[in-house]
Amino acid sequence: MLTFLSENLATILISAALAVLVVFIILKLRKDRKKGKSACGCSGCASCPCAGMCHKQ
């Protein structure tokens, strides 16, 4: 078991860092969604065909 960890330490650390990054991104998206901000970053959705799916009227 110890040899497996020592041989794959770089992969494990990189995977853990990426997992933490994904969690922070998801939390940021959820926080923005609760505030009413859109995930696409546009300022106006009047011309967007998907405006009804993103924002509640």
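Helix 1 (residues 2-7) is the element that gives the most to a nonpolar surface patch, contributing three residues. The patch, of about 570 Å², is made by Met1, Leu2, Phe4, Leu5 and Ile12. Patches are made of residues with over 30% relative accessible area and no salt bridge, where like charges are joined within 9 Å and nonpolar side chains (Val, Leu, Ile, Met, Phe, Trp, Tyr) within 5 Å; a salt bridge is a side-chain nitrogen of Lys or Arg within 4 Å of a carboxyl oxygen of Asp or Glu. Phe4 lies in helix 1 and is partly exposed, with a relative accessible area of 47%.

The model is predicted: local features need pLDDT of at least 70, side-chain atom pairs count only at pLDDT 80 or more, and totals for chains, interfaces and linings use all residues. Residues are numbered from 1 along each chain as its sequence is written, and side-chain values use heavy atoms, with hydrogens and water left out.

The protein has three helices and zero strands, in the order α-α-α from the N terminus on. Helices (H or I, at least four residues) and strands (E, at least two) are DSSP runs, numbered from the N terminus. The mean pLDDT (the predictor's confidence in each residue, from 0 to 100) is 83 for the protein, and 77% of the residues score at least 70. Among the elements, helix 2 (residues 9-35) has the highest mean pLDDT (94) and helix 3 (residues 51-54) the lowest (71).

Of the 57 residues, 7% are buried (under 20% relative accessible area, with exposed over 50% and partly exposed in between; 1.4 Å probe, protein chains only). Accessible areas come from the Shrake-Rupley method with a 1.4 Å probe; for residues, only the protein chains shown count as cover.
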